[in-house]
Amino acid sequence: MDSAVFPNRIERNVVLSKYGHFSDDDFEFVITRPDTPAPWINYISNGRYTRLISNTGGGYSFWVTPKLSRLTRHRYNSMPVDRPGHYLYFRDRATGDYWSPTWQPCVSDLKSYECRHGLNYTRISGSRNGLDVSTLYFVAPDADCEIWRVTVKNTTKAKKAYDVFSYVELGLGNALNDLVNQPNDQHFNDVFMDRKTRILYSSKRYWNTFGSATVEQSNQDYDKFVFMTSSLPLQGFDGNKAEFIGRWRSEQNPECVEKGKCRNTEITAGDATLALQTRLELKPGETREFVVLFGVVPRDSYKRDAQQAAKKYLNVKNTDAAFKALVADWRDYVSCVQVKTPDADMNRMVNVWNQYQTSCTFRFSRDASYYHGGLLFGRGFRDSCQDTFGPLMTRPDWVRQRLLEMSTHQFQNGSVVHCYYPLSGGYARTGHSDTPLWFPMAVAMYIMETGDFSILKQVTPYEDGGKATMLQHLYGCLDYTLSNLTKRNLPKFGPGDWNDTLDYMGRKGRGESVWNAMCLCYVLRMTVRLAGKVGDKARAAKYSKAYDKVAAAINKLCWDGDWYIVGTNDLGERVGTKKSKECKVYLNTQTWAVMSGVADRKRALSAMASAREYCDTPKGPKILHPAFRTINPNIGLATRCVPGKKENGAVFNHPVSWAVLAEAMLGHGDQAYDYYRKALPMNPVVDIDRYEMEPYVYSEYVTSPDHPTFGQASHAWLTGSSTWMLRDCTDWILGVRPDYDGLIIDPCVPRKWKKFSIRRKFRGKVYDVHVRNPKGVSKGVKEIRVDGELLKGNMIPVGAVTPAKKGAKPVVVKVDVLLG
């Protein structure tokens, strides 16, 4: 691209040394200055208690759900940025100087600063005036509490004494209620100190559980207590934010910290906080360790459970043992697939960060982030189906449980909820046309990975009564979609397909979604094979016939000469044609034409060539071209988004991942890799201050050249692009992918790659695959040897999982592949 057109563009192998870098082993991202372009965050969780933690100590915590069981408060899109958080303050008793080793909230000058985000933990270190402080943050595995494991060192030759304050601002229960109705919500807060155990407690006498299946007025206590305690000697405490912070002040200069004395406030109404004041004395050169716990316990056993957690985890040895086990568990998690390619960025993403990100999307759906905040969404059905693709390789038991859970949110007619709330049992039912289709896809993926056909016999209830086997649930999703075709055999658009912003294309029941037709074909083809595997010839024949019918309609009605259109709206207007002034070319209907097999070779090549010609940018292909610049109420929200952002012409990483997959399916190794490489988060293309988001995880989208802020990313972490990018790389570029009967070996790589390797755990064994490419081809397996024996074809036959004996090492299968 011309630098005059893209003046902010930098080399793709940019070194992100301005704010940080990956550790030597790639298992940590090291942030070397606190004033990052945006909060760069991490997730720490045991699956119940979760904390979002930024590089300056910001973020919030919740139990199970961030909407109905929020623990601490976070102010969104506010100034100062990223407040409040979970903070430590150190006050020199001799000089009165106070500061925070996380930089925020005091924003004092630090002699040194470092944040290390790791897999399910974060360590933040800071030093000032001769005191070094390093705090390790993680969540206990067997108690719902956040551990602050603190190491301090006096680097001076003088004796030092400090007041140490630990502080959190509480939300307690319904986060939306706390946000919009805070003055009234404060009437129900309790904070009190148990002086015998030195544990500070808080709860709420009213818990608004709106968001459940009923909209009746709540009439119950918050069913949890939160608590805070420290291993240092207690000097004071406060439960009242106004008393601790002081009038006309903020977290940056709390009055109690400044004066060095808490007021020991307990409340039965007011803005609740948990603040502890403890004392620390250090000899010259001395190093000491202490622990702060902040956690949540059930109301009916709060004292017992909090005291048990304190007894165990205020002991540094127990804390260190728990952290050692956590590190080992996450090293095991990512060991399911390890690659060695000529691309170091690909290696660190696949081996560590992409896998870790997919674990977060699986656990938190789109419900807990710095963007959605858990205020609007529950667990998205379509999102959660796709989120299973990542953990599936390493924790299939997680996926099995999730699939069983999700099946219960289907109705007897085969439709499903759009999102649901695991804690309250509520749901939202919107009628999006694509939502049911992701469930059969996820179940089929699970079986191809595990060989576990027994899941299909599991019986689970419908949302509206009655029960069905998982296979019947799966069929129901397809039957419901097939029953909602138009007379032209295309799916009705409804209030949107995967693209939620095409939300007024089909609300009257006449608009047609071409992408949804292709997605339907993709799933029909998967289900035909699955039905064949379980001996259901009738279903296989039914769905094969349906595939042919819908595919024929797509090719007859939706091909525009060089590409496939978006669809039609309720007025019968065609969107995404050569005649369209805006949105001529829509990426999703080109990629899925290939993925679904709907397009023949000639049309597939033409469609993807059109996508490259019109949509490609230095950060990968944008979702459509040209962007909408005229609001069209018969299309919807996409036309109201600013050109170049979100679904109106942004580089949306989810569709980019489908472009990677489609090019790989066509055998275009160089092009698939080019898209993959452009989309990498550590390849911002523009200056990191413009990119803004974390360079170690995928963001939802990047602003395209259609907007002056080209290169600006947004909505990091919880995006479906992470799972698809991971599987694009392992399954289609490196070409080691599961199938019902075994492991397929079918790489599609850049021609310049001469060799690579991938180590893949699959059904109880480890496949150590080494690929040589002496002739520099993109695709074409010439020979495969498995433990030295020549393999016929390119599938390694593998049966169902055989449980290994306890303590036994997995069998390693050596696979040598020659391309040519």
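This is a predicted model: local features need pLDDT of at least 70, side-chain atom pairs count only at pLDDT 80 or more; totals for chains, interfaces and linings use all residues.
1. Ser365 is buried, with a relative accessible area of 1%. A colleague checking the backbone may also wish to look at Gly667, which takes a positive phi of about 85 degrees just after helix α16.

2. Two cis peptide bonds deserve a look in the model. The bond from Arg83 to Pro84 is cis, with omega near -15 degrees, and Pro84 is found in the loop between β6 (65-72) and β7 (87-92). A cis peptide bond also joins His625 and Pro626, where omega is about -15 degrees; Pro626 lies in the loop between β30 and β31 (651-652).

3. The next points concern the sheet. Ten strands form an open sheet in the order β1-β2-β9-β10-β11-β12-β19-β16-β15-β14, and their pairing is antiparallel. At the edges stand β1 (20-22) and β14 (189-194), each with a single partner strand, so one side of each is left without a neighbour in the sheet. From one strand to the next, the twist averages 15 degrees.

4. Within this sheet, strand β10 (residues 121-128) pairs with β11 in the antiparallel sense over 7 bridges, and Thr122 stands opposite Tyr137 in β11. Helix α5 (residues 302-313) packs on the sheet, where it touches β12, β14, β15 (199-204), β16 (224-230) and β19, and its direction makes about 155 degrees with that of β19. Helix α6 (residues 316-334) also packs on the sheet, touching β10, β11, β12 and β19, with a direction that makes about 60 degrees with that of β11.

5. Which strands pair with β12 through 9 bridges? Strand β11 (residues 131-139) is joined to β12 by 9 bridges, the two running antiparallel, and strand β19 (residues 287-298) is likewise joined to β12 by 9 bridges in the antiparallel sense. On the β11 side, Leu131 stands opposite Asn154 in β12, and a hairpin of 5 residues leads from β11 to β12. On the β19 side, the bridge partner of Cys145 is Gly295. Of the 10 residues of β12 (residues 145-154), 8 are buried, so this strand is largely enclosed by the rest of the structure.

6. Two packed helices are described by the angle between their axes and the distance between the axes. Helix α10 (residues 438-450) and helix α11 (residues 470-482) pack at an angle of about 140 degrees, with their axes 8 Å apart, and the two are therefore oblique to each other. In passing α11, α10 makes a left-handed crossing. The contact is made by Phe439, Pro440 and Val443 on the α10 side and by Met470, His473, Leu474, Cys477 and Leu478 on the α11 side.

7. Helix α15 (residues 601-615) has 15 residues, which should span 21 Å at 1.5 Å a residue, and its end C-alpha atoms are 21 Å apart, which agrees. Its buried residues are Ala604, Ser606, Ala607, Met608, Ser610, Ala611 and Cys615. What covers them includes β29 (585-586), α14 (587-595), β30 (624-625) and α16.

8. Helix α16 (residues 653-665), which is thus part of the cover over α15, has 13 residues and reaches 18 Å from its first C-alpha to its last, close to the 18 Å expected at 1.5 Å a residue.

Methods
Residues are numbered from 1 along each chain as its sequence is written. Side-chain values use heavy atoms; hydrogens and water are left out. Buried means under 20% relative accessible area, exposed over 50%, partly exposed in between (1.4 Å probe, protein chains only). Helices (H or I, at least four residues) and strands (E, at least two) are DSSP runs, numbered from the N terminus. Two strands pair if DSSP finds at least two bridges between them. The expected span of a helix is 1.5 Å times one less than its number of residues. Axes are lines fitted to C-alpha atoms, for helices over the stretch in contact, and angles run from 0 to 180 degrees between N-to-C directions. Contact means heavy atoms within 4.5 Å. Angles under 35 degrees count as roughly parallel, over 145 as roughly antiparallel, 65 to 115 as roughly perpendicular and the rest as oblique. A crossing is left-handed if the near helix is turned anticlockwise from the far one by less than a right angle, and right-handed if clockwise.
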